[in-house]
Amino acid sequence: MADTLTPPLTPSLRPRRDSVHGHEKPSAVATALLLLGALYCLLPVFWVVMASTKDGSELFSTFTFAPSTHLFDNIAELSAYRDGLFWRWMANTALYAGAGAIASTFVSALSGYVLAKFAFPGKGAVFNILLMGVLVPGVILAIPQYFLMAQLGLTNTYWAVFLPQIISPYGIYLARIYAAAAVPTDVVEAARTDGASEMGIFARIAMPMMLPGLVTIFLFQFVAIWNNFMLPYIMLGDDTLFPITVGLNGLLNQGASAPALYTLVVTGALLSILPLILMFLLLQRFWRVDLAAGAVKA
Amino acid sequence: MLAPGIVLFAVFMAAPILYTLYLSFQRVEVSGLGLGSGARKQVFAGLDNYAAALGDPEFGASVGRVLTYGAILIPCMLGLALLFALLLDSRRSRATTFSRVAIFLPYAVPAVISSLLWGFLYLPSVSPFYYLTERLGIEMPQILSSQLIMFGIANIALWGGVGFNMIVIYTSLKAVPNDIYEAARLDGASETQIALRIKIPIVTPSLIMTALFSIVATLQVFAEPTTLRPLTNTLSTSWTPLMKVYRDAFTRDDIYSAAASSIVIAAATLLISFVFLRVVQKRAFGQED
């Protein structure tokens, strides 16, 4: 009961015992270990910020963490590379991840809701197959999916990257947990007696109740698609369709023979992680990752 | 209403698996010079492709590498994730918000980009580590050499994964009511004892799930070594099983043996996951069943 009364946007990861902090003697060792971990995680990010301010010769000659003044030159050069191909890659990534995550969240919500709230023959089997799907995720399917897409003549199109990533067994699994917890069965039944259609009940009653959980599914799927490398790497040959991961990988490959491209790769790496890092900082409170809720005993 | 889910599942998960299964039992027979239509035809090959895949020393070597890689990576990653989660939850730690965000941040960086960043940090001409050790007069071994590349790649995966696993474990620690700790403290338990005797048992289910997801991810490692290849000549095109499948299917156009290898990898992943769950579930939840 308490759960449904809490405002859905309560930051769940904020340290709950903040008020008691300070009563206890602080431990220098514990704090130092945490800061060491933070340093390790920030080091490469700090490096890329510094490295992207250097020009081609400075990258290999000046001290790693010494900044230079060429950041805007590098960005301009990157933007000019093959008529702004880099920004095309960024736009493609945003499209794949944005549209893909929205479609995936909707399908997950619908399937999870049905699995949680309806009784039908074969439901147990559907759910078990789904759990197996969680254990064999996307990457292993990428090559078989390529063969299939090739049969359909869809390789080397936006669809080849967009369609396979809509289905997310893990998203459906999470949605089923959220639907079971957040949508009371009597509310669904009351709406049904009032003559609402099943789709209407789902869209107008169940979806809003599941919303905070759906944001989490959206974020998961968004990051998964944004980070995916193998699927687009396999499916696409035309570099104007590439997402950023495949594009930068190709640029790095060319850099092996033309080191001048390395500054572009480094600057591109910096620009490509900024949006996601920003999104992380802004949406932190939605990262409630309770993988074990019911999973192990299911 | 389940239709969209089932259709998508059938088309993009079930159908590819079945199609691969079909291909894995086929081979191409070439008659004559192999020219003209009808000269190449697909025939049933039985288990030949599987025998070839399993007998291929390259495949065995790539599996061996992935297992070594997993044995290095998974204990380090989960150990550190657990340590950081416990430290974040400890009342005696400071700077917890900053550390939590900083350690989680690499999760936002795609594996290709993190491999690229670390790849440059491993290059002696760019790396601060080599710069510093040179000043100090210590000779630092080449991370991009064939002996150490395994650790280099494991480090990239560790960097990208430790924060996510930390958050998973930390979330389950947060769900524990404070009273339990208060009671333990009244009984004279130290913070360390509370961590070992109460907190770790409570997060065991989360640890099992993170371990499972890490195992599945490890068996499929592809992006990191593929991205590092231009920077070093120690990574072969069949360094991991999936890289070999990719090469067979796209560079060598041998989709039949690639299909057989895919099936072997998928089956092994499922088998390892199930065995793992069986074993730890018996241990962890033995009393409840």
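Author: Let us start with contacts, where contact means heavy atoms within 4.5 Å. Here, 99 residues of chain B are in contact with 102 residues of chain A. This is a predicted model, in which local features need pLDDT of at least 70, side-chain atom pairs count only at pLDDT 80 or more, and totals for chains, interfaces and linings use all residues. Residues are numbered from 1 along each chain as its sequence is written, chains are lettered from A and ligands numbered from 1 in the order in which they are written, and side-chain values use heavy atoms, with hydrogens and water left out.

Reader: How much area do chain B and chain A bury between them?

Author: The size of an interface is often given as the accessible area lost when the parts come together. Buried area is counted with a 1.4 Å probe and summed over both parts. Chain B and chain A bury about 9500 Å², with 78% of it on carbon and sulfur atoms. Helix α1 (residues 3–24) of chain B supplies the largest share of the side of chain B that touches chain A, namely 13 residues. That side divides into 71 nonpolar, 20 polar and eight charged residues; Ala, Val, Leu, Ile, Met, Phe, Trp, Tyr, Cys and Pro count as nonpolar, Asp, Glu, Lys and Arg as charged, and the others, Gly among them, as polar.

Reader: How many salt bridges are counted between chain B and chain A?

Author: A salt bridge requires a side-chain nitrogen of Lys or Arg within 4 Å of a carboxyl oxygen of Asp or Glu. Between chain B and chain A the count is zero.

Reader: Is α5(B) mostly covered or mostly uncovered?

Author: Buried means under 20% relative accessible area, exposed over 50%, and partly exposed in between (1.4 Å probe, protein chains only). In α5(B), 11 of the 12 residues are buried, among them Trp118(B) and Phe120(B). The cover includes α2 (28–51), α13 (244–255) and α14 (261–282) of chain A, together with α6 (128–135), α7 (149–174) and α10 (223–228) of chain B.

Methods. Helix = DSSP H or I, 4+ residues; strand = E, 2+ residues; numbered from the N terminus. Buried area = accessible area lost by both parts, 1.4 Å probe.
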